[in-house]
Amino acid sequence: MGRLTGICAVAAGVALLLTGCGSSDSSGDRTVTVTGTGKVQGTPDVLNADLGTDVNAADVSSAVDQANNKAKAISDAMVAAGAKQADIKTSDLSVQPTYGTDGHNITGYRATNSMQVAVRDLPKASAILSAAVQAGGNDTRINSVSFALEDNTKLLSDARARAFDDAKSRAQQYADLSNLKLKSVKTISENGSDTTPPTFRQNAPAAAPNINLEPGQQTVTFTVTVAWDLG
């Protein structure tokens, strides 16, 4: 009986010790988690255009041949104006019937040949698109033109740094309001980045215009969530 009492006493002592450890006031239990945002702007250095040709003919073969010929003329004209052949690629080919007012009788066929071109020498961009319009004539279609940065690594780095500084500033304010000190970082979680390039869209007119293109500024936004210990 005495031995059993002794064992129970030892067990009770361990239970008290564990409870004491669990209830100790640890600064690691005090944290603040905030999300910071950083934005930077840079001037785009590449233009991406989605363009091509759209033709109608009485039969499939004629429609496809005309679309292909016009597409080649557009491509050749852009290269002559300063675009690189390696930066021009076909993005879509299609041929489909066209119908009369009754919606049943086929009256001809429509063929499209679309391509994408990247212009890295921006001063030549307007002349390159003008050459494309002139080569394709009324069958030319400029679906969209957008600007981008070839390498946005520096912008992302700057935006990330600003996002962290913003998060730290917010966390410091919460620490001050709580009469505590901001201590070591516990976790950092990147929420990602968002790039907002300017976009220019236009349907091509019949004559070769002097196309005005303004690259503007590209905005890179980065967000990060950081947790700090408080003490």
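**Close-up views of a predicted model**

**View 1. In this predicted model, helix α2 passes helix α3 in a right-handed crossing.** A crossing counts as right-handed if the near helix is turned clockwise from the far one by less than a right angle, and as left-handed if anticlockwise; helices (H or I, at least four residues) and strands (E, at least two) are DSSP runs, numbered from the N terminus. Helix α2 covers residues 60–80 and helix α3 residues 125–136, and the two pack at an angle of about 150° with their axes 8 Å apart. That makes α2 roughly antiparallel to α3, a term for angles over 145 degrees, where under 35 is roughly parallel, 65 to 115 roughly perpendicular and the rest oblique. Axes are lines fitted to C-alpha atoms, for helices over the stretch in contact, and angles run from 0 to 180 degrees between N-to-C directions.

**View 2. Residues of α2 meet residues of α3.** On the α2 side are Lys70, Ala73, Ile74, Ala77 and Met78, and these meet Ile128, Ala131, Ala132, Ala135 and Gly136 in α3. The residues of this contact divide into eight nonpolar, one polar and one charged; Ala, Val, Leu, Ile, Met, Phe, Trp, Tyr, Cys and Pro count as nonpolar, Asp, Glu, Lys and Arg as charged, and the others, Gly among them, as polar.

**View 3. Thr221 lies in strand β8.** Within this strand, which spans residues 218–230, Thr221 is buried, with a relative accessible area of 17% (buried means under 20%, exposed over 50%, partly exposed in between, with a 1.4 Å probe and protein chains only). Leaving aside neighbours within four places in sequence, Thr221 is in contact (heavy atoms within 4.5 Å) with Thr37, Gly38, Lys39, Gly192, Ser193 and Asp194.

**View 4. Asn179 is found in the loop between α4 (153–177) and β6 (182–196).** Its phi is near 55°, a positive value in a residue other than glycine. Most residues other than glycine have a negative phi. Asn179 counts as exposed, at 71% relative accessibility.

**View 5. Asn212 lies in the loop between β7 (199–200) and β8.** At 53% relative accessibility, Asn212 counts as exposed, and its C-alpha atom is separated by 9.4 Å from that of Ala125, 87 residues apart along the chain.

**Notes to the views.** Residues are numbered from 1 along each chain as its sequence is written, and side-chain values use heavy atoms, with hydrogens and water left out.

Notes
Predicted model: local features only at pLDDT ≥ 70, side-chain atom pairs only at ≥ 80, totals over all residues.
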